[in-house]
Structures are given as C-alpha cells and as structure tokens.
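Thanks for making time this morning. I would like to walk you through one model, so please have the sequence and the structure open while I talk.

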Amino acid sequence: MSRAEPALLWAPQAWLGGRWLDSVVLQAAANGHWLHISPHTPCPANATRLPGPVLPGVVNAHSHAFQRAFVGLAERRDGERDDFWSWRDRMYGVAARITPEQLQAVATHLYAELLAGGYTQVCEFHYLHHQPNGQPYAEPAAMANALVAAAHHVGLGLTLLPVLYERSGFDATGLRDDQQRFASRVPQVLAMQRAARGPLVNSGLAVHSLRAARARSIQRLVGSAAAGPLHIHVSEQTAEVDDCMANTGLRPIEWLAQHAGLDARWQLIHATHATPQEIDVVAASGAGVVLCPGTEANLGDGLCDLPRWLAAGVPLSVGSDSQVTRDWPQELRWLDYGQRLALRRRNVAAAPATQPSTAARLFDAVQRGGAGAAGFPHWGLQAGARADLLVVNMADAALLGLPTSHVLDALVFASPALPFTAVMVAGRWVHPVARMPAATAFKATMRDLWPGSA
Ligand SMILES: [Zn+2]
C-alpha cells in the first residue's frame, strides 16, 4: 500500500469530544495519523471541502469473516426447534469446506461492505486455521493470510486474533471430527500472533470459549501474552453457563476473574447472561465487553442488561460477528430496540443529565470501547490517532432536511440506506461510493460453496 498523501480537509461539522462542532479543519500527516484538528476555523484555500458532517470511524470488534458466506441461508426451520446449536451445526457446513482462496474472496467482499457501513477497523476472531482434515496447510498461515490480503485490498484496518481452540466441551479431551481445522495449541497461537503483519495490521490473542480450552492453556496464554487485546466468547448461551458451573463451580466471568487474571486486556464477547455481580466484577477489572446485537437477535441468544453495563462504566463495543448486519448504525439501533421491546420504554441507553441522545451515548461508548478491543491507545478525531473518518451522506433520502444537531440520532434510528458518501482510513480515501471490488469473485465463490444456488 502506498504512503498516504498528507491530507488537509475542511468539514462543515465534525463530531469532536462527544458533540458537533462547526467549521473544522483536519490535517493528516504522511504517516496516516491526525496531525491536528481545529474547530471554528475557516476553510483554508488549499483544503479539500467535504460535502457533509464528519464522524470518526468505528471499530468492528468481533467478526468471523467466513460466516459472510452463510448469510441469508439459515433462515428456515425444518424441525421442531431451531436454536444456536442447530445453527452452529449448519454453520460448520461452510467452516468445513471453505478454502483460503474462497475465504479471501468472501472476506474482501465483506470488508468492502464493512467500510460502506462505517467501520474502519475489524477484529477478526480467527479459528479456521488448517485444512478441513486438520492437517496444516503447506503455508501454515494460509487462512490468516487470506484475511490480511482481503483487508489490504480494500484498505480496512485489521486486528488479527488467532484463536486457541483445543476441545469440543468442558469434559472433552479433544475436538470433534468437524472441528479438526480449528485445532490449536498455545505455542501455535503465539506464533500466529507474531506472524501477523501488514501496513494496517495489528494483532492480539483469543480463546474460543471456556468450554473450548483447558484452564492451564488459558493461563499459559495469559502469562505469555505479548501486548495486545485478549478476546473470548463468554456467556452467549445459558447452556454454556450451566456447563461452566457444573464443571468448575463458577459462572464464566467469575472463573475468568479468579483463575485467568481478568483485567483491561480482556474483551468479553457477548457476555449476554452476565449477572449483576459479574457486571460489577468486569467493571472492577477494566475489561471490555463486545456486544453483537444483530447476531444475538438472529441466533436467539437473549438480551444483555444494557442499562447496567452502561451504568457500571464498562467499555463497550459492537461487532458484526456472524455478518447478518454489517453497519454500526444498525448495531446501535438493535442495541436500544432490544431493550425497548423488553422494558416497554424508549431511549433506554440515553442519560438525561449528561447525554440525552441515545445514539450519541452509544456512539461515544463504542468509540472508547472499540479502541481498547482493537488495541489502540488513541482513536477518533484527535491528534495522534489514525486518520480515519466517515462523511455522512446528507443526500440519503432518510437524512434530507435534518438539522445537524440530530444527524447522529437519525443515522441510527432513521435507517438510511447509504449512510456515508466517503470513508478515510489512515489518511487515504478507501470507499468510493458503492464500489464492491470483489463482487464477481464473491458471486463465483458463493456458487462454488452452494452448488445449485442461482
Ligand atoms: Zn463469535
């Protein structure tokens, strides 16, 4: 990827410090980071005038790119009951056969969609390590390299999280036949983390779940973890919580706190069924929580206690996870809608005394939480952070005529079809509107994976 041209931009409004400020000059350095950002400044003669209000980019904190090949194909029920576990069996149908070339085509298409949806960084929770029979590829990182190549192709930032995956359940000694390509040990996971590199690539580590890794392995990983976030699926399903209690005597978050050094490095994916006591434990630890409301709704996972997470001040972020949703406005909308439906109230996430806008409170929360989930000390429209931004598409039918003061609210709750006209990552424009560079390869891959589909 070429070095970015130093960018000098002017926006009529920009989201700075949790509010809209007018007439903003934004200057990026050649290293792709913001040099300075100045509100209330006239447009310099040599600046590029942006056509709409500007928002910082958003981190997609939890993604399994290969599951994009499955979207729309699991929405039928042919038995008495469909739930997470029957969905997982069908998801394994794709996981068991996707090749590195197919993964690259699927991920490239997905990542272009994520840019269009306002994400400028994706955290890939990557566990498709080997060939379907469990044999390593000749290039052991072939599948991870497919993700790196896809992100590079479209210009999206990537946090690669190689996943430790050792067993099929708490009382299992190994993996099922259809899980062999997930197999990984601590030294392999650490080697994969060290090998992750690219212009917009950083890395962390992940444990698939408490059911999928031995206690001693998790402790070794924690003890040897280099800098970087540490992600784990936790408490997504009540059956998993029950299994954890039956096998350890502790709920999952209690176990992490007592045995795995729960601290600010940890990112708990879902944490849907956390109790009030566990929420307090997370708050005291500094760990973050990654909510995936689109996927959690699709899979019937249940609803988290959003008001309590917010009140506890736990860093929150959002993820597209199974990819049924691929833009952050939709995730924030679902986050509050779930609560509205359950509590029969409106604007549950708003804080009347400090931030009456639901969208603004959630957006600022995921700015802070997303930075931690992706391992960035600085994020957003501030000097030193990577020069990412989104230009709001005020010409979208859903946003016509709105006062700027309510643009963020409308982005989330008026459901615009094309929320952003332009997206910048690291000082480079990366999202020419509605361009899907891998659409042809994606269609061909879908036909290969699903013979008989049109
Ligand atoms: Zn997941």
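I will take the metal site and then a strand residue.

This is a predicted model, in which local features need pLDDT of at least 70 and side-chain atom pairs count only at pLDDT 80 or more, while totals for chains, interfaces and linings use all residues. Residues are numbered from 1 along each chain as its sequence is written, and side-chain values use heavy atoms, with hydrogens and water left out.

Let me begin with the zinc ion, which is coordinated by the NE2 atoms of His-62, His-64 and His-233 at 2.1 to 2.2 Å; donors here are N, O and S atoms within 2.8 Å of the metal (3.2 Å for Na, K and Ca), and water is not among the atoms, so sites may look incomplete. Along the chain, these donors follow the spacing H-x1-H-x168-H. His-64 lies in the loop between strand E6 (58-63) and helix H1 (84-95), and His-233 in strand E11 (residues 230-234), so the pair ties together parts that are 169 residues apart in sequence. Helices (H or I, at least four residues) and strands (E, at least two) are DSSP runs, numbered from the N terminus.

Both His-64 and His-233 are buried, meaning under 20% relative accessible area, with a 1.4 Å probe and protein chains only.

Turning to Val-318, this residue sits in strand E14 (residues 316-318) and is buried, with a relative accessible area of 0%. Val-318 and Val-59 are 259 residues apart in sequence, yet 7.6 Å apart in space, C-alpha to C-alpha.

Key
Buried < 20%, exposed > 50% of the residue type's maximum accessible area, 1.4 Å probe, protein only.
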